[in-house]
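Follow the chain in the structure below, one site at a time. Keep the sequence at hand.

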Amino acid sequence: MALPKANRLKSRKDFQAVFREGIRRHGSYLTLRALKPLRSTKPSLSTATQTTQATDSAHLASTRIGISISTKVSKRAVVRNRIKRQIASALYNLLPKLSPGWRLVFIVKPTTAESKCVSPQFLQELEQLLAQAEVFDGNS
């Protein structure tokens, strides 16, 4: 199952922010880069700022996820796309458990294609990495 559009990390700017400021957690098949949601505690005086904050909070309402897979993993696009689909379907099952507002990027390691990693292994490693980064609801 593909990730819903509201949960996809798409823009280059978002990916760069996660890589620049996010925390790292490493597994045997994947690396997780996670950027915590922004929480503004300053009260705003102007209405323009309030509407901007309202749209920002609505924008941060969902956790957005990106999957990065290099040609070092496999030269064949078919293999890379299969791995991406497997990760996306495992993440789809975990979406209800995730805290809102996080920006996550999963980087696939080259050992993934060699080991013929399957969905249960992805699911287990994804849960482990997300737990280490404290992304699950109730941990943030």
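Glu134 sits in the segment that follows α5 (119-132). The model is a predicted one. What is the phi of Glu134 near? Its value is near 60°, positive in a residue that is not glycine. Most residues other than glycine have a negative phi. Glu134 has a relative accessibility of 43%, so it counts as partly exposed.

Now take the chain as a whole. It holds 5 helices and 4 strands. Read from the N terminus, the order of elements is α-β-β-α-β-α-β-α-α. Of the 140 residues in the chain, 41% are buried. Which share of contacts joins residues at least 24 apart, among those between residues at least 6 apart in sequence? The share is 80%.

Gly27 belongs to the loop between β1 (23-26) and β2 (30-35). Lys109 belongs to the loop between β4 (103-108) and α4 (111-114). A polar atom of the Lys109 side chain lies 2.6 Å from the backbone oxygen of Gly27.

Is Gly27 buried or exposed? Its relative accessibility is 18%, and the cut-off for buried is under 20%, so Gly27 counts as buried. Lys109 has 23% relative accessibility and therefore counts as partly exposed. Beyond its sequence neighbours within four places, Gly27 contacts Lys109, Glu125 and Leu129.

What else does Lys109 touch? Setting aside residues up to four places away in sequence, the list is His26, Gly27, Ser28, Tyr29, Leu30, Thr31 and Val73. Lys72 also belongs in this picture. Lys109 and Lys72 are 37 residues apart in sequence, and their C-alpha atoms are 8.3 Å apart in space.

Next comes α3. The helix has 18 residues. From first C-alpha to last, α3 reaches 26 Å, close to the 26 Å expected at 1.5 Å a residue. Which residues of α3 are buried? They are Val79, Arg80, Ile83, Gln86, Ile87, Ala88, Ala90, Leu91 and Leu94. An α-helix has 3.6 residues a turn, so residues three or four places apart point the same way. Look for that spacing along the buried list.

Arg80 is a charged residue on that list. Helix α3 contains Arg80. The relative accessible area of Arg80 is 16%, and so this residue is buried. What does Arg80 contact, leaving aside its neighbours within four places in sequence? The partners are Ile69, Ser70, Thr71, Ser74 and Lys75.

Helix α3 also takes part in a pocket. Together with β3 (64-68), α3 (77-94) is an element that supplies at least two residues of the lining of the second largest pocket. How much space lies in this pocket? The second largest pocket holds about 180 Å³. Its lining consists of Ala2, Leu3, Arg8, Leu9, Lys10, Ile65, Gly66, Ile67, Lys84, Arg85 and Ala88. Sorted by class, the lining has 6 nonpolar, 1 polar and 4 charged residues.

Key:
Residues are numbered from 1 along each chain as its sequence is written. This is a predicted model: local features need pLDDT of at least 70, side-chain atom pairs count only at pLDDT 80 or more; totals for chains, interfaces and linings use all residues. Side-chain values use heavy atoms; hydrogens and water are left out. Buried means under 20% relative accessible area, exposed over 50%, partly exposed in between (1.4 Å probe, protein chains only). On a 1 Å grid over the protein atoms alone, a cavity is a set of points where a 1.4 Å probe fits but cannot get out, and a pocket is an open set with protein on both sides within 12 Å along at least five of seven lines; lining residues have an atom within 4 Å of a point. Grid points are joined across faces, edges and corners, and a volume is the space filled by probe spheres set on the points. The expected span of a helix is 1.5 Å times one less than its number of residues. Contact means heavy atoms within 4.5 Å. A polar contact is a pair of N or O atoms within 3.5 Å; within protein, one must be able to donate a hydrogen and the other to accept it, and residues adjacent in sequence count only if both atoms are side-chain atoms.
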